[in-house]
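Please examine the structure shown below before reading on. The notes after it are arranged by topic.

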Amino acid sequence: MNRLKNGLILSILIIFFSLVIVMPVTCLFKTVTGISCPACGMTRAFFALLHFDLLTACYQNLLSIPIFIFLVLSVIMLLKDFFQNRFSYIPHLLYFLENYSFFIILLLIISFIFNNIKLI
């Protein structure tokens, strides 16, 4: 059962990343309001990171490097759980998100401000 849960989560991640690569991504928040959301520029930043262009990635979105590292580590941990037939990463992740939600919200606010200041 654990392998099924992990396999489902990994499949969803793979499908999501495949769709992001193939389909053009537009920000609905920016389209409606005209201002950038905290995640605006994340796709361009990830492409810059894949080309080892850290300065462009930071300019596109301040949170791109930590989120990219988080995503890579998450995939590694999910694969580890999958092959060990365990389901321990997701409960630990939920516990972390619950306990550090204030810090995460603060980072999103900082990213929101940075994304809109750089446009001026």
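The model is predicted. Its protein chain contains seven helices and zero strands. The chain has 120 residues, of which 22% count as buried.

**Overall fold**

- Read from the N terminus, the elements follow the order α-α-α-α-α-α-α.
- The C-alpha trace spans about 50 × 35 × 30 Å along its principal axes.
- The protein chain exposes about 8,600 Å² of surface, and carbon and sulfur atoms supply 79% of that area.
- When contacts between residues at least 6 apart in sequence are considered, 53% of them join residues at least 24 apart.

**Helices H5 and H6**

- Two packed helices are described by the angle between their axes and the distance between the axes.
- Helix H5 covers residues 64-83 and helix H6 covers residues 89-99; their axes come within 10 Å and cross at roughly 145 degrees.
- On the H5 side, the contact is made by Phe-70, Ser-74, Met-77, Leu-78 and Asp-81, while H6 contributes Tyr-89, Ile-90 and Leu-93.
- By residue class, this contact of H5 with H6 consists of six nonpolar residues, one polar residue and one charged residue.

**The salt bridge**

- Side chains of opposite charge can pair when their charged atoms come close.
- A search of the whole structure finds one salt bridge.
- This salt bridge joins the side chains of Arg-86 and Asp-81, with a distance of 3.8 Å from N to O.
- The pair meets the criterion because a salt bridge requires the side-chain nitrogen to lie within 4 Å of a carboxyl oxygen.
- Asp-81 has a relative accessible area of 1% and is therefore buried, since buried means under 20%.
- Arg-86 is partly exposed, because its relative accessible area of 36% falls between the limits of 20% and 50%.

**Arg-3 in helix H1**

- Arg-3 belongs to helix H1, which comprises residues 2-22.
- With a relative accessibility of 37%, Arg-3 counts as partly exposed.
- Which residues does Arg-3 contact, leaving aside its neighbours within four places in sequence? They are Phe-82, Phe-83 and Asn-85.
- Arg-3 and Thr-31 are 28 residues apart in sequence, and their C-alpha atoms are 40 Å apart in space.

Definitions and conventions:
Residues are numbered from 1 along each chain as its sequence is written. This is a predicted model: local features need pLDDT of at least 70, side-chain atom pairs count only at pLDDT 80 or more; totals for chains, interfaces and linings use all residues. Side-chain values use heavy atoms; hydrogens and water are left out. Helices (H or I, at least four residues) and strands (E, at least two) are DSSP runs, numbered from the N terminus. Buried means under 20% relative accessible area, exposed over 50%, partly exposed in between (1.4 Å probe, protein chains only). Contact means heavy atoms within 4.5 Å. Accessible areas come from the Shrake-Rupley method with a 1.4 Å probe; for residues, only the protein chains shown count as cover. Axes are lines fitted to C-alpha atoms, for helices over the stretch in contact, and angles run from 0 to 180 degrees between N-to-C directions. Ala, Val, Leu, Ile, Met, Phe, Trp, Tyr, Cys and Pro count as nonpolar, Asp, Glu, Lys and Arg as charged, and the others, Gly among them, as polar.
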